[in-house]
Amino acid sequence: MSGSKDQRAAERFPVNSASSCDFVSPVLEDFGPVRIKNLSCEGVGLICSHRLDVGLLLVVNLVNPAQKVSKTLLTRVIHCTGLIGGNFLIGGSFLTPLTYEELRAFVL
């Protein structure tokens with residue numbers, strides 16, 4: 001598209017020859033809202049109506065409107081345990097942990 005104006009918010013730079021992208025994966029399904037059971041700097045417990053495979057990578061968006069804070073985290077499913085009533089307890093481990101200050105915004 002020659003002649004089109006660049007709309008990027010930040011300038012992009014070419015990478016060096018050692019840089020590469022070794023993994024790209026689309027988000028395949030939106031499970032909708034889930035309930036948070038518990039939270040730590042390292043991971044999260046979620047109540048979900050779907051059975052999820054161990055090892056699955058999730059995009060988890062935590063929000064606390066009262067604190068005006070949100071955080072999106074890549075989370076790996078560590079376990080999926082069936083619960084009475086057809087729901088599942090999903091234990092997930094964050095690929096990048098929350099800081100203590102971020103955790104406080106969601107639990108206090």
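**Briefing: fold, helix packing and selected contacts**

The protein chain has one helix and five strands. Helices (H or I, at least four residues) and strands (E, at least two) are DSSP runs, numbered from the N terminus. This is a predicted model, in which local features need pLDDT of at least 70, side-chain atom pairs count only at pLDDT 80 or more, and totals for chains, interfaces and linings use all residues. Residues are numbered from 1 along each chain as its sequence is written, and side-chain values use heavy atoms, with hydrogens and water left out.

**Overall layout and confidence**

- From the N terminus on, the order of elements is β-β-β-β-β-α.
- The chain has 108 residues, and buried ones make up 24% of them. Buried means under 20% relative accessible area, exposed over 50%, and partly exposed in between (1.4 Å probe, protein chains only).
- Take the contacts between residues at least 6 apart in sequence: 47% of them join residues at least 24 apart. A contact means heavy atoms within 4.5 Å.
- Mean pLDDT is 83 for the protein chain, and 79% of its residues reach 70 or more. pLDDT is the predictor's confidence in each residue, from 0 to 100.
- Confidence is lowest in β3, at a mean of 89, and highest in strand β5 (residues 88–94), at 93.
- Where pLDDT is low, the predicted coordinates should not be read in detail.

**Helix α1 and its packing**

- Leu103, Ala105 and Phe106 are buried in α1. Down the helix axis, the buried residues of α1 fall within an arc of 155°, so they line one face. The arc is that of the directions from the helix axis to the C-beta atoms.
- Tyr100 and Glu101 are exposed, on the other side of α1.
- Valine 107 belongs to α1, which spans residues 100–107. Valine 107 counts as partly exposed because its relative accessibility is 46%.
- Valine 107 and leucine 39 are 68 residues apart in sequence, yet their C-alpha atoms are 7.7 Å apart in space.

**Salt bridge**

- The count comes to one salt bridge. The rule asks for a side-chain nitrogen of Lys or Arg within 4 Å of a carboxyl oxygen of Asp or Glu.
- The partners are glutamate 102 and lysine 71, at 2.9 Å from N to O. The pair links distant parts of the chain, 31 residues apart: glutamate 102 sits in helix α1, lysine 71 in strand β4.
- Glutamate 102 is partly exposed, with a relative accessible area of 22%. Lysine 71 is also partly exposed, at 27%.

**Asparagine 64, in strand β3**

- Asparagine 64 is found in β3, residues 57–64. Its relative accessibility is 15%, so asparagine 64 counts as buried.
- The side chain of asparagine 64 reaches the backbone nitrogen of alanine 66 at 3.1 Å. A polar contact is a pair of N or O atoms within 3.5 Å; within protein, one must be able to donate a hydrogen and the other to accept it, and residues adjacent in sequence count only if both atoms are side-chain atoms.
- Not counting residues up to four places away in sequence, asparagine 64 touches Val69, Ala105 and Phe106.

**Threonine 75, in strand β4**

- Threonine 75 is found in β4. At 1% relative accessibility, threonine 75 counts as buried.
- A polar atom of the threonine 75 side chain lies 3.4 Å from the backbone oxygen of leucine 73.
- Leaving aside neighbours within four places in sequence, threonine 75 has contacts that include Val44, Leu56, Leu58, Gly92 and Phe94.

**Glycine 91, in strand β5**

- Glycine 91 lies in β5. Glycine 91 is buried, with a relative accessible area of 10%.
- Beyond four places in sequence, glycine 91 is in contact with Val44, Arg76, Val77, Ile78 and His79.
- Glycine 91 and lysine 37 are 54 residues apart along the chain, and their C-alpha atoms are separated by 9.6 Å.

**Cysteines**

- The structure holds zero disulfides. A disulfide is a pair of cysteine sulfur atoms within 2.5 Å.
- Cysteine 48 is in no disulfide, and the nearest cysteine sulfur, that of cysteine 80, is 7.6 Å away. Cysteine 80 is in no disulfide either.
- Cysteine 48 counts as buried, at 5% relative accessibility.
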